[in-house]
Amino acid sequence: MKMLLYGLSAGVLFGFLMQRARVLRYDKQLGALRLIDMTIVKFMLSTVVVGTIGLHLLAGLDVVALSPKPGLVGANIIGGLLFGVGWALVGFCPGTSVGAVGEGRWHALWGILGMLVGAGLYAEAYPFLKRTVLGWGNLGKVRIPEVLHVSPWVVIVVFAILAVALCVWFEKKRL
């Protein structure tokens, strides 16, 4: 029960932050799709940097164990295309659709329905996908620090610097 409360608390906090950052707004979603408003990109870059640092700190303290998934090129390309088409059609990704419904935007229920239907279809198609798409371009459980033979913290610091630089550039361009 304690773990469920932690998960619920993290979800509520993340939803609050999405709402405060205004990434639940349809105009922000459309702006991101049209590459004229990078609010969502800046928000996601900051969450990835904070999450990466937090996870690696917790792993260093032996509170969590990192368990990377294999890099699957075919699955990532097809999944990314499906995700992008769904986002473009609905105007929300699955996460922001849940937050938008929380704000009373009932049309975002289509995003949640799409997420649920997609998960069900994936579960039904999994045996076929495992024999085909999920094997295309299987890179194994590769991680950038291992490929470069450096500490994960070197990669994290470089990524964080690049993310901040990109966000600053977006701000200067008023994106």
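The following legends describe close-up views of a predicted model.

Residues are numbered from 1 along each chain as its sequence is written. In this predicted model, local features require pLDDT of at least 70 and side-chain atom pairs pLDDT 80 or more, whereas totals for chains, interfaces and linings use all residues, and side-chain values rest on heavy atoms, with hydrogens and water left out.

**View 1. The chain as a whole has 8 helices and 0 strands.** Helices (H or I, at least four residues) and strands (E, at least two) are DSSP runs, numbered from the N terminus. The pattern along the sequence reads α-α-α-α-α-α-α-α. Along the principal axes, the C-alpha atoms fill a box of roughly 45 × 45 × 40 Å. Of the 175 residues, 25% count as buried; buried means under 20% relative accessible area, exposed over 50%, and partly exposed in between (1.4 Å probe, protein chains only). Among contacts (heavy atoms within 4.5 Å) between residues at least 6 apart in sequence, 61% join residues at least 24 apart. The accessible surface comes to about 12200 Å², of which 73% belongs to carbon and sulfur atoms. Accessible areas come from the Shrake-Rupley method with a 1.4 Å probe, and for residues only the protein chains shown count as cover.

**View 2. The largest pocket holds about 610 Å³ of space.** Its lining comprises 23 residues, of which Gly79, Leu82, Phe83, Gly114 and Gly118 are the closest to its centre. On a 1 Å grid over the protein atoms alone, a pocket is an open set of points where a 1.4 Å probe fits, with protein on both sides within 12 Å along at least five of seven lines; lining residues have an atom within 4 Å of a point. Grid points are joined across faces, edges and corners, and a volume is the space filled by probe spheres set on the points. Helix 4 (73-90) and helix 6 (109-131) each supply at least two lining residues. By class, the lining has 18 nonpolar, 5 polar and no charged residues. Ala, Val, Leu, Ile, Met, Phe, Trp, Tyr, Cys and Pro count as nonpolar, Asp, Glu, Lys and Arg as charged, and the others, Gly among them, as polar.

**View 3. The second largest pocket holds about 240 Å³ of space.** Helix 3 (39-60), helix 7 (144-148) and helix 8 (152-172) each supply at least two residues of its lining. Helix 8 gives the most, with 5 residues. The lining residues include Val48, His56, Arg143, Pro152 and Phe159. The classes in this lining are 9 nonpolar, 2 polar and 1 charged.

**View 4. Helix 5 (residues 94-102) contains the buried residues Thr96, Ser97, Gly99, Ala100 and Val101.** Their cover includes helix 1 (2-20), helix 2 (26-33) and helix 6. Just after helix 5, Gly104 takes a positive phi of about 95°.

**View 5. Lys28 is found in helix 2.** Lys28 is buried, with a relative accessible area of 15%. A polar contact of 3.1 Å joins its side chain to that of Asp37. A polar contact is a pair of N or O atoms within 3.5 Å; within protein, one must be able to donate a hydrogen and the other to accept it, and residues adjacent in sequence count only if both atoms are side-chain atoms. Beyond its neighbours within four places in sequence, Lys28 is in contact with Arg22, Val23, Asp37, Thr39 and Ile40.

**View 6. Asn138 lies in the loop between helix 6 and helix 7.** Asn138 is partly exposed, with a relative accessible area of 45%. The side chain of Asn138 reaches the backbone nitrogen of Gly140 at 2.8 Å. Not counting residues up to four places away in sequence, Asn138 touches Pro70, Gly71 and Leu72.
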